[in-house]
Amino acid sequence: MINCNYSNTESTHKDIIDFVNAAKKRDPNFKVIDLGGGVNGWTSEIADMIVDINVSDTQLTLKADICQEKDYAKIISFVELHGLFDYCICTHTLEDLYNPFPALNYMPRIALAGVITMPTMTDELSPVQSLRWNGYIHHRWIFEFLDEKIFIIPKIRSLEVFIRSKMSSVKSTEIRFDWQGAIPYEIFMNNYLGPDLKTVSSELKMVLGRLNVQSRGVYT
């Protein structure tokens, strides 16, 4: 099961902190893991384990590259020893990664439920960081919600040719996915941008047509 909402970082952080604190008050054994929260992390007061490539192995942190399938053996071993986490936090991380798909595949194997956030498509196609480019220069992927799944599009320059930001109904800066039990997702063109311009442009137009029908935003 997965739900999608639009929000902003400040309100999302407060909502998650309040949720976790309330859950821990009801059940002191409620366990939380944060994937990718080692740099500029905000969950240190509520997370029982933080996984990141930039931390060391301690009682509260686990060093792992969440882009690498092999590194999940370390996380799975921890879960097999200590049990599943109740909640997994992964905020403003997946859009940065060269390979976010292992994280999406493994989160349901290490936790019962969780939350995923990143900037909205509106932000990634707007000059929010600089007038010289749209979106955040270090981000690799754009995320939306389509056919009851997380829909992932590589952040290619040609997107700006096909999309004109008239998404007036998307005022928020963050898209939020709350999942339980599974994380359904789909990658644009199965992560293959080919074999020619005509095919890619045709696929983009079809995706935008579907987004127009299903999304809260308006893509033209």
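**Figure 1. Strand 2 and strand 5 pair in the parallel sense over three bridges.** Two strands count as paired if DSSP finds at least two bridges between them. Helices (H or I, at least four residues) and strands (E, at least two) are DSSP runs, numbered from the N terminus. Within strand 5, Tyr87 is the bridge partner of Val32. Strand 5 also runs parallel to strand 6 (residues 113-119), to which four bridges join it. In strand 6, Val115 stands opposite Ile89. This is a predicted model: local features need pLDDT of at least 70, side-chain atom pairs count only at pLDDT 80 or more, and totals for chains, interfaces and linings use all residues. Residues are numbered from 1 along each chain as its sequence is written, and side-chain values use heavy atoms, with hydrogens and water left out.

**Figure 2. Strand 5 (residues 87-91) is largely enclosed by the rest of the structure, because five of its five residues are buried.** Buried means under 20% relative accessible area, exposed over 50%, and partly exposed in between (1.4 Å probe, protein chains only). Both faces of the strand are covered. Tyr87, Ile89 and Thr91 lie on one side, with Cys88 and Cys90 on the other.

**Figure 3. Helix 3 (residues 101-110) is mostly covered.** Of its 10 residues, seven are buried. These are Phe101, Pro102, Ala103, Leu104, Tyr106, Met107 and Ile110.

**Figure 4. His139 sits in the loop between helix 4 (121-124) and strand 7 (141-146).** His139 counts as buried because its relative accessibility is 9%. Its side chain makes a polar contact of 3.1 Å with the side chain of Asp96. A polar contact is a pair of N or O atoms within 3.5 Å; within protein, one must be able to donate a hydrogen and the other to accept it, and residues adjacent in sequence count only if both atoms are side-chain atoms. Another polar contact, also of 3.1 Å, joins the side chains of His139 and His138. Leaving aside residues up to four places away in sequence, His139 touches Glu95, Asp96, Pro119, Glu124 and Lys155 (contact: heavy atoms within 4.5 Å).

**Figure 5. The largest pocket has a volume of about 450 Å³.** A pocket is found on a 1 Å grid over the protein atoms alone, as an open set of points where a 1.4 Å probe fits, with protein on both sides within 12 Å along at least five of seven lines; lining residues have an atom within 4 Å of a point. Grid points are joined across faces, edges and corners, and the volume is the space filled by probe spheres set on the points. The lining holds 24 residues, and Gly36, Val39, His92, Thr93 and Asp96 lie nearest the centre. Helix 1 (9-26) and strand 2 (32-35) each supply at least two lining residues. By class, eight lining residues are nonpolar (Ala, Val, Leu, Ile, Met, Phe, Trp, Tyr, Cys and Pro), four are charged (Asp, Glu, Lys and Arg), and 12 are polar (the others, Gly among them).

**Figure 6. The peptide bond from Gly194 to Pro195 is cis, with omega near 0°.** Most residues other than glycine have a negative phi, and most peptide bonds are trans. Pro195 is found in the loop between strand 10 (185-187) and helix 6 (197-214). Asn191 lies in the loop between strand 10 and helix 6, and its phi is positive, near 65°. At 41% relative accessibility, Asn191 counts as partly exposed.
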